Amino acid sequence: MEKILVVDDERPILRVLTKYLKPKGYDVYTAQNGLEAIKMTMDIEPHVVLLDIIMPGMAGFQVLKEIKKINPKIAVILLTAVIEE
């Protein structure tokens, strides 16, 4: 089964994405910050990471670099809820 790691500092986003992906047959794991995401990437070896760009502490682009050091083959999709006007 495909493993997806969802990384976002907002719990409602984690819940919505988990509720959407689990019924489709994915194993879904969540992390609320960059350090947690890096540790989980090492522990669970996800196939895909859905990664928020703007998070307190370690930003998404920093996390992306660390994930690619762990395994450059992991697919990472960057997400943001910021709307520019």
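## Packing of helices α2 and α3

In this predicted model, helix α2, which spans residues 34–44, packs against helix α3, residues 60–70, at an angle of about 15°, and the axes of the two helices lie 10 Å apart. Because angles under 35 degrees count as roughly parallel, α2 and α3 are described as roughly parallel to each other. The crossing in which α2 passes α3 is right-handed.

On the α2 side, the contact is made by Gly 34, Ala 37, Ile 38, Thr 41 and Met 42, while α3 contributes Val 63, Glu 66, Ile 67 and Ile 70. Sorted by class, the residues in this contact of α2 with α3 comprise six that are nonpolar, two that are polar and one that is charged.

## The four-stranded sheet

The strands form an open sheet of four, arranged in the order β2-β1-β3-β4 and paired in parallel fashion. At the edges of this sheet stand β2, residues 27–31, and β4, residues 75–79, each of which pairs on one side only. From one strand to the next, the twist averages 20°.

The pairing of β1 with β2 can be followed at the level of residues: strand β1, which covers residues 3–7, pairs with β2 in the parallel sense over five bridges. Within this pair of strands, Leu 5 has Tyr 29 of β2 as its bridge partner.

## The chain as a whole

The protein chain contains three helices and four strands, and, read from the N terminus on, its elements follow the pattern β-α-β-α-β-α-β. The radius of gyration of the protein chain is 12 Å, close to the 12 Å that the globule rule gives for 85 residues, and the chain is therefore as compact as a globular protein of that length. Taken along the principal axes, the box filled by the C-alpha atoms of the protein chain has dimensions of roughly 40 × 30 × 20 Å.

Notes. Residues numbered from 1 in each chain as written. Predicted model: local features only at pLDDT ≥ 70, side-chain atom pairs only at ≥ 80, totals over all residues. Heavy atoms only, no water. Axes fitted to C-alpha atoms, helices over the stretch in contact; angles between N-to-C directions. Parallel < 35°, antiparallel > 145°, perpendicular 65-115°, else oblique. Left-handed = near helix turned anticlockwise from the far one by under 90°. Contact = heavy atoms within 4.5 Å. Nonpolar A, V, L, I, M, F, W, Y, C, P; charged D, E, K, R; others polar. Pairing = 2+ DSSP bridges. Rg over C-alpha atoms; globule rule 2.2 N^0.38 Å.
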